[in-house]
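Please look over the sequence and the structure below, and then read the short report on its sheet and its nonpolar cores.

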Amino acid sequence: MNKHYSRILILSGAGISAESGLATFRSSNGLWNNHKVDDVATIEGFQRNPALVHDFYNELKTEIQKAKPNAAHLAITKLQQEYPAQIDVVTQNVDTLHEKAGNQNIWHIHGQVNQAVCLNCGHILETWGDVDTQTICPQCQVMGMMKPNIVFFGENLLYMDKVDDALRHCDLFISIGTSGVVYPAAGFVQTAKYYGAETIEFTLDQTANNYLFDRHVYGKAGETFPPFVEALLQDIKK
Ligand code: OAD
């Protein structure tokens, strides 16, 4: 690479959290293995059986709360602290490992598991406790209208104004641990490339949109991403 970048966008997916012990979505023992996607990740599923959906995310929340960030998350912190560029972290992950690692400028485009949104008044409730069909919104006091603040299939992504700006202005687009299957996020690389960014992906398996990346680094992100950060930091000294 040997270049100085002024704006870097890091897109993360479930693969970055795999080494922290959290299941990815599409692996053989994936997160949805025992559940139908339609039941736990669509708005129709939530309307059909909100109790089941709350149970699913309450369980996931407990698991996520115990997880610790790994070397890939921590390398992002180092990059943000030591590399003189604006660096945004756009994550599809609903876990909070980027925050736990001390990353900054994190945009949870698919929501986050420790939040619920009131469908009556829009209030966002931050909690690591259980949320269910009996939960009362602390703002409007209506019961049974809280939905996990997870972007279900068919819903709009969050923070797209921030993401659009970063996609148009970044000169380096880094993807870590995402299969490139789920749109719109799978299309971000195309936009960044169109506006002139270099593109690189860190993944274990071949991704669906791999033809859009200039470089591919195969392996566990906890092992491959920290040396890449070191190389970027060396480059700015040249
Ligand atoms: P996937 O499960 O589809 O893909 C995980 C990717 O991470 C794969 O390409 C793996 O090869 C790679 N991977 C696994 N372990 C890795 C490791 N240790 N280091 C590097 N890469 C590794 O997960 P996502 O692409 O994140 O949405 O899935 C996208 C969205 O699908 C999720 O955000 C979720 C689901 O719909 C919501 O929950 C709203």
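In which sense do strand β4 and β6 pair, and over how many bridges? Strand β4 (residues 111-118) and β6 are antiparallel partners, joined over 4 bridges.

## Basis of the model

This is a predicted model, in which local features need pLDDT of at least 70 and side-chain atom pairs count only at pLDDT 80 or more, while totals for chains, interfaces and linings use all residues. Residues are numbered from 1 along each chain as its sequence is written, and side-chain values use heavy atoms, with hydrogens and water left out.

## The open sheet

The order β5-β4-β6 describes an open sheet of 3 strands with antiparallel pairing, where two strands pair if DSSP finds at least two bridges between them, and where helices (H or I, at least four residues) and strands (E, at least two) are DSSP runs numbered from the N terminus. The edge strands, each pairing on one side only, are β5 (124-126) and β6 (146-150). Val117 stands opposite Lys147 in β6.

## The nonpolar cores

A nonpolar core is a set of buried (under 20% relative accessible area, 1.4 Å probe, protein chains only) Ala, Val, Leu, Ile, Met, Phe, Trp, Tyr and Cys residues joined through side-chain atoms within 4.5 Å. The largest nonpolar core has 25 residues, of which Ile8, Ile10, Tyr83, Ile174, Ile176 and Phe225 touch the most other members. Elements giving two or more residues to this core include β1 (7-12), β7 (172-176) and α8 (221-235), and α8 gives the most, with 6 residues.

Apart from this core lies another, of 19 residues, among them Val90, Val151, Leu157 and Cys170.

Definitions and conventions:
Buried means under 20% relative accessible area, exposed over 50%, partly exposed in between (1.4 Å probe, protein chains only).
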